[in-house]
Amino acid sequence: MLKQFNQWLQETIFKPLEDKKMPVMEHLVEFQVRLTRATIVTAIVFVGTFFFADTLVKWLRVPLQNMFVPSTLSWEPTDLPTVPFVFLAPAEALWQNVKVAGLFAIVLAVPYILYEIWRFVVPGLHVQERRFVGPFVCIGAVAFYAGAAFSFFFVLPFALNFLISYGVNAGFTPQISIAQYVGFALWFLLVFGLIFEVPLALTIMAKLGWVDAPFLIRYWKWALLGSFIIAAILTPTPDPFNQTLMAGPMFLLYWVGILGAKFFGKQQEAEAAGTGMASAAAGAGGRGVVAMPKSSESEYVGVPSSGSRR
């Protein structure tokens, strides 16, 4: 089975490129066809997700008054009072269902969209580039899903519990607009999905030779400052609590990226190549000194002159 899978990889993914050139119009036509396919598949998935939009919105409401317990893999209710949802415009509830269904449809259709993108760009890639891009695309998709899951199970419950508790303790009655809550939750899921791409981005930069692990370690203080600045920009609320919830994982993932840069960067390859070149040069120099024979008297070629050589 493994042998057959390897053969399929070699014949379909890593097969040699055909030496042919396509006109620009053919590229545009192929791009249009693949974009149309991806749009149709996403629209079909959207029909299914819109049918379950109410259920998806109810799942988005789970982190509001519940905390996830990793030891039991279950949700437990918090001490917050019942928080009613209101809508402030006639079409607000319907539009939020459309927004949630559309986002989940895109997330579910990402594997097929990536497949169409892969089939479009793969004729222009060399074998080494195919081996390089394919795994990183798969890892990037998994990292995005992991970041969204981390936000849903851990970050959102802490952030919402802190914010709602603060308002309740201040004497206010919580009534949340469905549009504001859905936008808040979806923004957190999207941002943390992108944050989990930081290690992969740093690894790719190291693989391309743009940065290395010592360089990243040297500027860790700037990375910490940048994490809080980016969190302050991306956090939908100005409170420092949510900024720390976002900046903390971002900075930890920066160190994960340093490990990736250390193990997969070009530094070791460059040092090995430099050592090999130095050894070859030294060997060539040594052999040149030893192998240079002295010219004999009969092989001497002097300056032509009219007289005989003495």
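Buried means under 20% relative accessible area. The legends below describe a predicted model.

**Figure 1. Glu-116 is a buried residue of helix H5.** Glu-116 has 4% relative accessibility, so Glu-116 counts as buried. The side chain of Glu-116 forms a salt bridge with that of Arg-34, at 2.9 Å from N to O. Glu-116 belongs to helix H5 (residues 92-121) and Arg-34 to helix H2, so this pair ties together parts 82 residues apart in sequence.

**Figure 2. Arg-34 also pairs with Glu-30.** The Glu-30 and Arg-34 side chains meet in a salt bridge of 3.4 Å, N to O. Both residues sit in helix H2 (residues 24-51); because they are four residues apart, about one helical turn separates them. Arg-34 counts as buried because its relative accessibility is 17%. Glu-30 is buried too. Side chains of opposite charge can pair when their charged atoms come close.

**Figure 3. Glu-30, Arg-34 and Glu-116 form one salt-bridge network.** Shared partners join the three residues. A search of the whole structure finds two salt bridges. One links Glu-30 to Arg-34. The other links Glu-116 to Arg-34.

**Figure 4. The largest nonpolar core holds 33 residues.** Leu-64 and Met-246 touch the most other members of this core. H7 gives the most, with eleven residues. In soluble globular proteins, nonpolar side chains tend to be buried together.

**Figure 5. Close-up of the contacts around Leu-64.** What does Leu-64 touch, leaving aside residues up to four places away in sequence? Its contacts are Leu-80, Val-83, Phe-85, Leu-160, Ile-164, Ile-176 and Tyr-181.

**Figure 6. A second, separate core has ten residues.** Among them are Ala-213, Ala-223, Phe-251 and Ile-258. Two of these names, Ala-223 and Phe-251, return in the next view.

**Figure 7. Ser-227 is a buried residue of helix H10.** Ser-227 lies in helix H10, which spans residues 220-234. Ser-227 counts as buried because its relative accessibility is 4%. Where does the side chain of Ser-227 reach? It comes to 2.8 Å from the backbone oxygen of Ala-223. Ser-227 also touches Ala-247, Met-250 and Phe-251, with residues up to four places away in sequence not counted. Phe-251 and Ala-223 are both included in the second core of ten residues.

Methods:
Residues numbered from 1 in each chain as written. Predicted model: local features only at pLDDT ≥ 70, side-chain atom pairs only at ≥ 80, totals over all residues. Heavy atoms only, no water. Salt bridge = Lys/Arg side-chain N within 4 Å of Asp/Glu carboxyl O. Helix = DSSP H or I, 4+ residues; strand = E, 2+ residues; numbered from the N terminus. Buried < 20%, exposed > 50% of the residue type's maximum accessible area, 1.4 Å probe, protein only. Core = buried A, V, L, I, M, F, W, Y, C linked by side-chain atoms within 4.5 Å. Contact = heavy atoms within 4.5 Å. Polar contact = N/O pair within 3.5 Å; in protein donor to acceptor, adjacent residues only side chain to side chain.
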